[in-house]
Amino acid sequence: MQKLLITFGTRPLAQRISKMLQDKFEILFSTSEEVPSFLASNYLKIPTGVNPTYAHEILKLSLDRQVDLVLPLGLSEIQTISEAKILFEEYGIQLLCPDRETLEEVFVLENPNSSVELSLFLHGKSLNNSNDFDGGISGLYAVSDEGDDVALCTI
């Protein structure tokens, strides 16, 4: 079973994604936030997305834990890590986020309501439902009712 690393795992959106994907992936959570000591063993500690070492720390963590896919949920994390997408791919790790150019053009939906259907894409192929999307997008998105537009979902 492939391993999926979700950043900001303490947030409700991360927990929702975990429930959505738990039968398809082994889920690992990471966070830069403080976690109560009784929950600390459930979360891997990472730097904040604005930290200059963020991408390298996530790469090291992914290699150490044999992670196949990384889903950054914070916008600052996505902005930082999207610049290192090629580096991750060289190690066989797929980043589930848009590349830098796409990020500048896509609509961002922060903290989507629980009624919003979420689709997790890797190169346009949905990893959790049948909502494949032309254009080769990667990341967590809400797809419009018509199926012709998407919004990147972040925390």
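## Notes on a predicted fold

At 47% relative accessibility, Asn-111 counts as partly exposed, a label for anything between buried (under 20% relative accessible area) and exposed (over 50%), with a 1.4 Å probe and protein chains only. This is a predicted model, where local features need pLDDT of at least 70, side-chain atom pairs count only at pLDDT 80 or more, and totals for chains, interfaces and linings use all residues. Residues are numbered from 1 along each chain as its sequence is written, and side-chain values use heavy atoms, with hydrogens and water left out.

Back to Asn-111: this residue sits in the loop between β6 and β7, and its phi is positive, about 45 degrees, although it is not a glycine. Gln-66 also has a positive phi without being a glycine, at about 55 degrees. Element names here follow DSSP runs, numbered from the N terminus: helices are H or I with at least four residues, strands are E with at least two.

Here are some accessibility values side by side.

| Residue | Relative accessible area | Class |
|---|---|---|
| Val-70 | 0% | buried |
| Cys-97 | 1% | buried |
| Cys-153 | 1% | buried |

Now for the sheet. Five strands make an open sheet in the order β6-β10-β9-β7-β8, with mixed pairing; two strands count as paired if DSSP finds at least two bridges between them. β6 (107-110) and β8 (125-126) are the edge strands, each with a single partner, so one side of each has no neighbour in the sheet. β6 runs parallel to its partner β10, over 4 bridges, and Leu-109 stands opposite Cys-153 in β10. Helix α1 (residues 12-21) packs on the sheet and touches β7 (118-122), β9 (139-143) and β10, its direction making about 75 degrees with that of β7. That angle is taken between N-to-C directions on a scale from 0 to 180 degrees, using axes fitted to C-alpha atoms, for helices over the stretch in contact.

What about the interior? The largest nonpolar core holds 26 residues, and Leu-5, Ile-58, Val-70, Ile-81, Phe-88 and Tyr-141 touch the most other members. A core here is a set of buried Ala, Val, Leu, Ile, Met, Phe, Trp, Tyr and Cys residues joined through side-chain atoms within 4.5 Å. α2 (54-64), α3 (75-81) and β10 (150-154) each give two or more residues to this core, with the largest share, 5 residues, coming from α2. There's also a second, separate core of 23 residues, including Ile-6, Ile-17, Leu-21 and Tyr-43.

Val-70 lies in strand β4. In sequence it is 65 residues from Leu-5, yet their C-alpha atoms are 4.8 Å apart. Leaving out residues up to four places away in sequence, Val-70 touches Leu-4, Leu-5, Ile-58, Ser-62, Ile-81, Ile-93, Gln-94, Leu-95 and Leu-96, contact meaning heavy atoms within 4.5 Å. Tyr-141, with neighbours within four places set aside, has contacts that include Pro-98, Val-106, Phe-121, Leu-152 and Cys-153.

Finally, the cysteines. How many disulfides are there? The count is 0, a disulfide being a pair of cysteine sulfur atoms within 2.5 Å. The sulfur of Cys-153 has its closest cysteine sulfur in Cys-97, 14 Å away, which is too far for a bond.
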